[in-house]
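Reader: Could you take me on a close look at one part of this model, the hairpins, and then work outwards from there? I'd like the cut-offs spelled out as you go.

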Amino acid sequence: SIVLAIATGAFIRALRTQRQLVSFASANSNVSLVLEQMAREIRVGRDFTQASGNTLSFTNGRGEVVTYQHDAATESIIRTVGNNTPRPLTSENVAVRSLEFLGQFIGDDDYPARITVMVSVSPQEIGVDTSVVRIQTTVSARNIGT
């Protein structure tokens, strides 16, 4: 009975670990896709008016004013176009603990704007919800004629 109890405990632990690994992979994949979407829009953006803290505002390639920011209440990254309703970009199974933007060369005609995005996320899975993964990327906007 002792061997059976140990084997059962090990099997249950392996299942729990597998579930936690899948939730981490899912959270990482979701945030990577969101960062890629943001990077594509930042690359062709211009008129960066705010690029510090947890908010980034600029004009995208279609001439729309876009704002990305962290919503602490829902622990998500939200995107707002103009005066429209903000829309969450991250899924509900991902908790965005922090989002920070750092802007360089904002308003400088000699160099394109360079935006660094730093995000901390964790899965909404019991047992790993306190573990945080930090991701950082830097995107350089292109100097495209207006």
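Author: **The hairpins and their surroundings**

Strand 2 and strand 3 make a hairpin with five residues between them, and glycine 63 in that turn has a positive phi of about 85°. Before going further, a word on the ground rules: this is a predicted model, where local features need pLDDT of at least 70, side-chain atom pairs count only at pLDDT 80 or more, and totals for chains, interfaces and linings use all residues. Residues are numbered from 1 along each chain as its sequence is written, and side-chain values use heavy atoms, with hydrogens and water left out.

Helices (H or I, at least four residues) and strands (E, at least two) are DSSP runs, numbered from the N terminus, and two strands pair if DSSP finds at least two bridges between them. Strand 2 (residues 55–59) and strand 3 (residues 65–71) run antiparallel, joined by five bridges. Across that pairing, leucine 56 stands opposite tyrosine 68 of strand 3.

Now follow strand 3 to its other partner. Strand 4 (residues 76–81) pairs with strand 3 in the antiparallel sense too, over six bridges. Here valine 66 has valine 81 in strand 4 as its bridge partner. This hairpin has four residues between the strands, and glutamate 75 takes a positive phi near 50°. As background, side chains in a regular strand alternate between the two faces of the sheet.

Rings of Phe, Tyr and Trp (its six-membered ring) pair if their centres lie within 6.5 Å; planes under 30 degrees apart count as stacked, over 60 as edge-to-face and the rest as tilted. That rule gives three aromatic pairs. Phenylalanine 105 and tyrosine 111 form a tilted one, at 4.9 Å centre to centre with 35° between the planes.

How covered are those two? Buried means under 20% relative accessible area, exposed over 50%, and partly exposed in between (1.4 Å probe, protein chains only). Phenylalanine 105 counts as partly exposed because its relative accessibility is 29%, and tyrosine 111 is partly exposed as well, at 46%. Phenylalanine 105 sits in the loop between strand 6 (94–104) and strand 7 (114–123). Its phi is positive, about 60°, although it is not a glycine.

Aspartate 47 is another non-glycine with a positive phi, of about 55°. You'll find aspartate 47 in strand 1 (residues 46–53), and with a relative accessible area of 52% this residue is exposed.

Finally, helix 1. Its 42 residues (2–43) should span 62 Å at 1.5 Å a residue, and the end C-alpha atoms are 61 Å apart, which agrees; the expected span is 1.5 Å times one less than the number of residues. Among the buried residues of helix 1 are Val31, Val34, Leu35, Met38 and Ile42. An α-helix has 3.6 residues a turn, so residues three or four places apart point the same way.

Serine 32 also belongs to helix 1, but is partly exposed, because its relative accessible area is 36%. The C-alpha atoms of serine 32 and alanine 141 are separated by 19 Å, with the two residues 109 apart along the chain. Isoleucine 12 is in helix 1 as well, and counts as partly exposed at 44% relative accessibility.
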